[in-house]
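Student: I have a model on screen and want to learn how to read it. Where do we begin?

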Amino acid sequence: MISAIGLPHRRRALLLLDLNQQQATIEQPYDAAAIALLLTAFLVGIFYCLDALHGERRDRSILFWKSLPVSDLTTVLSKLLLPLAILPLIAFAAIEMTQLVILLISTVVLLPSGLAATTFARLPFFQMSVIQLYGIITSVLWSIPIYGWLLLVSSWARRATFLWAVLPWLAICIVEKLAFNTAHFAQLLGSRLFGSEEVAFDIVPQPKGALIPMFDSHRSPCSDEVPKQPRIMAGTYCCRRVPRCDGAVAPIPRPAMSHRLHSRS
Amino acid sequence: MACIEARGLRKTFGETIALDGIDLEVAEGRILGLIGPNGAGKTTALDAILGLTPYEGQLRVLGRDPWTDRDQLMRDVSFIADVAVLPRWLRVSQALDYVAGVHPRFDRAKAEGFLARTEIKLKSKVRQLSKGMVTQLHLALVMAIDAKLLILDEPTLGLDLLYRKQFYDSLLNDYFDRGRTIVVTTHQVEEIQDVLTDLMFIDRGRIVLACSMEEFETRYLEVMVNPEQLDAARALHPLHERPVFGRSVLLFDQIEREQLAALGEVRKPGIADLFVAMMSHKTAQPEGAKK
């Protein structure tokens, strides 16, 4: 809202730049909103997964759920439904709504100066939505191993699920740094956490001014990377839930981290 | 076919032996009381039977391996655990919906019928209900399931006298028939004495007594003995002796009633009396070594 005050002035200056830069700059607030909402959904998903099975063990309601003829696999898959389907759908709807509101505000602000049409001329809305949807779907698929790991911790740790989820990875990073002075594992982790778009989109050199490199509509989905995505799905993420205070480690296959470091040149 | 069949059932938690190779057989249509002190292994045994924990040894419940077949087994088995375990955020109507959705043998009308007799409203959340009401709700859900085996682990813990009485009454009158089997553990032994058909004492992971209630009633007798006859009574090797108002009550195993009648007033012991006798008898020997 505040940034809308100087908008007509900035828009005039912008029209002097080349087309790509114009589009990137006009898109900026839309991208920022999308990323904020997606990050929120990601965080909600993370904390939901951490608590999904642990909470049931803590309040012992696991004894009620387990008294019904529902297999552990079904239970775990139903927990995955929230971060993998429900949250992304909500996020997508929220992104579309927010962008519509931004569009309305900027149009109202630009209307007196007669520049409102430039937004519509430069911004390919339908294409943006499709690419956002594609980005959401790929990032969800990309993060399945994360949710799988969190559910595993949730099914196993007695307390401090967050620390159990984070510390082992951190420890590996530190040991690698100390022992070999390299950061391959940290890179791998980073790519798993936030690297979905690198894999999903051909990253083109960033036009100056486009601070947020996500969901730019002038990127195209890269054809050779996309079909690999379903491989991530191939792992089974069945957590056998651990009863009561039994300390036994549940036999959960750890989804293998995709060994695909960026093979692209 | 036996409802529950265990051979050498064993479970350890690190150094602690929770179940020390027990053999167990519960026939269909029985009501078994599993009695033992805290930490005796009752809950571990029930967990194994319910497929909540892995174990060593052989175990078959209704012909299935509970650990690998839990979800299938739960079509025929219901259980209520020692404390109210219904999720607190759940509404009563949601609980009905969910169980109706996942359980093929759940009779929703029946459950609603049970609930209509209580103060529980369908719109309430579990967290708004009192402890007694949560147990009533759980019982209503469980009794509406046409299960072959019902397992109750301290079902009346923390409930007041009125609810406890109601609980067992409705269990017997509305639920139990010869086709069903019930296994119940409790510390309130007296209130299930008339309910049980079979009795089992468990201590330190071992079964120390397993008998039917008929057997229990014929085997064990208690005699109130005056001090002057005490030595004669002790000669018959009582299981246990306790002083009551200047006289002594002695508990005997397999001694003729006539023989005991000569010593004093003979009466039937309660399960609690036998339990105390056997447990203090058991702990008497290793006490010096341990403490």
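**Reading one residue, then the contact**

Tutor: We begin with a single residue in this predicted model. Lys148(B) has 17 other C-beta atoms within 10 Å, so it counts as partly exposed. Buried would take 20 or more, exposed 12 or fewer.

Student: Where in chain B is Lys148(B) found?

Tutor: Look at the loop between helix 5 (131-143) and strand 6 (149-153) of chain B.

Student: Which residues does Lys148(B) touch, leaving out those up to four places away in sequence?

Tutor: Its partners are Leu62(B), Asp76(B), Arg180(B) and Thr181(B). Check a distance along the chain too. Ser78(B) lies 70 residues from Lys148(B) in sequence, yet their C-alpha atoms are 8.2 Å apart.

Student: Now the interface. How is its size given?

Tutor: Often as the accessible area lost when the parts come together. Here we count residues instead. Chain B supplies 19 residues to the contact and chain A supplies 15 residues.

Student: Which elements of chain B give two or more residues to the side that touches chain A?

Tutor: Helix 2 (70-73), strand 5 (77-80) and helix 3 (92-102) of chain B. By class, that side of chain B holds 11 nonpolar, four polar and four charged residues.

Student: What does the pLDDT of chain A look like?

Tutor: The average is 75, and 74% of the residues score at least 70. Residues 205-265 of chain A have pLDDT below 50. Beyond near neighbours in sequence, that stretch still has 109 contacts in the model.

Notes:
Residues numbered from 1 in each chain as written. Chains lettered and ligands numbered in written order. Predicted model: local features only at pLDDT ≥ 70, side-chain atom pairs only at ≥ 80, totals over all residues. Contact = placed C-beta atoms within 7 Å. Helix = DSSP H or I, 4+ residues; strand = E, 2+ residues; numbered from the N terminus. Nonpolar A, V, L, I, M, F, W, Y, C, P; charged D, E, K, R; others polar. pLDDT = per-residue confidence, 0-100.
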